Amino acid sequence: MNTEEQELAELDLEAQRPDLDRNLELEVFDAVRGRSDHPVTPVRLQAEDSFHFRCHPGVSCWNVCCHGADITLTPYDILRLSRHLGLRPAEFLERHTVPAIFDKTELPVAKLKMGGADGKGPCPFMADSGCTVYDDRPATCRYYPLGLVSMKMKDADAKEDFHFLVKEPHCQGHREAKGQTVAEYRFEQGVEPYERVNRGWVDILMKMASWNTLGGPGGKAPTPQTKKMFFMATTDVDAFRRFVFETRFLELYEIDAEAVEFLKTDDEALLQLGFDWMKTVLFNEPTLALKEHVLQDAIARARGTLAGDR
Ligand code: SF4
Ligand code: SF4
């Protein structure tokens, strides 16, 4: 049985469990970069709320927060930084990241590797003058000092995001006179494309966090193979493209010919396919349609298993 067939065999064909629809909050970006031992005070903010903050080379803490920073890289961060550095994602991951597990989810992610044996040294992209990858800096660095929480209320159809402000003691930017609303800061920092491209990834993390207390999708923990596939599809577009075009993937799923052509060269489109695929594999969501004969085979196999269990 090859990889995709294993994944398909693990799909839970039963209806989704009704007891999962409860309130959930997931901190996507925690806004704490300094690893300070001092307590920080998060303040919840809406788009129209304002706060005082400005970061510039004249502050006494210039570059302090770019040491020992705890930065989970989103799929789009990896694409943008790889392009900026003229690297393919696999090489970028090898040189500049360390593997980690995203809090509450059991799913693997990549964190930016800080300098120093203890990981508390400078970010590899930090220079005296500031961030050398500024135009393509990670989402976490764009939000700072804001954090982002994604929240789904019980019985609500849609998720809601809100920000919170974290005042770390070393950050002098909060003493600056410049004021702005959260919406203005978000625009200035260019977070919109990051949120748009990463939305499917955040959805998966949220859902996995909510299911985690039950042991994973359908009550089963994701297999090591599923976690490996998640990491590949969300961090390395080249590896995922090879997987799509050099295995039976396109024989299993309905993807129209025009989209297939697009996927050959468009990295962002491939990321979206990866998110859709993982939603199908992890949660049995109908984000990718199986071809009719594959679906019929899967149903027949499931029925055979159920009959054998009686
Ligand atoms: S990517 Fe840039 S802003 Fe972010 S920690 Fe590194 S140097 Fe600082
Ligand atoms: S003001 Fe805050 S964000 Fe700017 S360099 Fe200082 S610690 Fe970092």
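This is a predicted model: local features need pLDDT of at least 70, side-chain atom pairs count only at pLDDT 80 or more; totals for chains, interfaces and linings use all residues.
User: How much of it is buried?
Analyst: Of the 310 residues in the protein, 28% are buried. The cut-off for buried is 20 or more other C-beta atoms within 10 Å of a residue's own.

User: And what share of the contacts comes from residues 24 or more positions apart?
Analyst: Counting contacts with a separation of 6 or more, 76% are between residues 24 or more positions apart.

User: OK, switching to α8. Which of its residues are buried?
Analyst: Helix α8 covers residues 237-246, and its buried residues are V237, F240 and V244. Looking down the axis of α8, those buried residues fall within an arc of 65°, so they line one face of the helix.

User: Which exposed residues sit on the face turned away from that buried side?
Analyst: R242 and E246 are the exposed residues there.

User: What does the buried side of α8 pack against?
Analyst: Six partners are listed by name: α2 (75-85), α3 (89-96), α7 (224-235), α9 (249-252), α10 (257-263) and α11 (267-283).

User: Now ligand 2. Which residues are around it?
Analyst: The shell around ligand 2 includes the cysteines C55, C61, C65 and C171.

User: You mentioned Y144. What kind of peptide bond joins Y144 and P145?
Analyst: A cis one, with omega at about 10°. P145 lies in the loop between α4 (139-143) and β9 (146-152).

User: Why does E106 count as partly exposed?
Analyst: Because E106 has 17 other C-beta atoms within 10 Å, and partly exposed covers counts between the exposed limit of 12 or fewer and the buried limit of 20 or more.

User: What about N284, where is that?
Analyst: N284 is in the loop between α11 and α12 (292-309). Its phi is positive, about 60°, although N284 is not a glycine. N284 counts as partly exposed because it has 17 C-beta neighbours inside 10 Å.

Note on methods
Residues are numbered from 1 along each chain as its sequence is written. Chains are lettered from A and ligands numbered from 1 in the order in which they are written. A residue is near a molecule or strand if its C-beta atom, placed from the backbone, lies within 6 Å of it. Helices (H or I, at least four residues) and strands (E, at least two) are DSSP runs, numbered from the N terminus. The arc is that of the directions from the helix axis to the C-beta atoms. Two residues are in contact if their C-beta atoms, placed from the backbone, lie within 7 Å.
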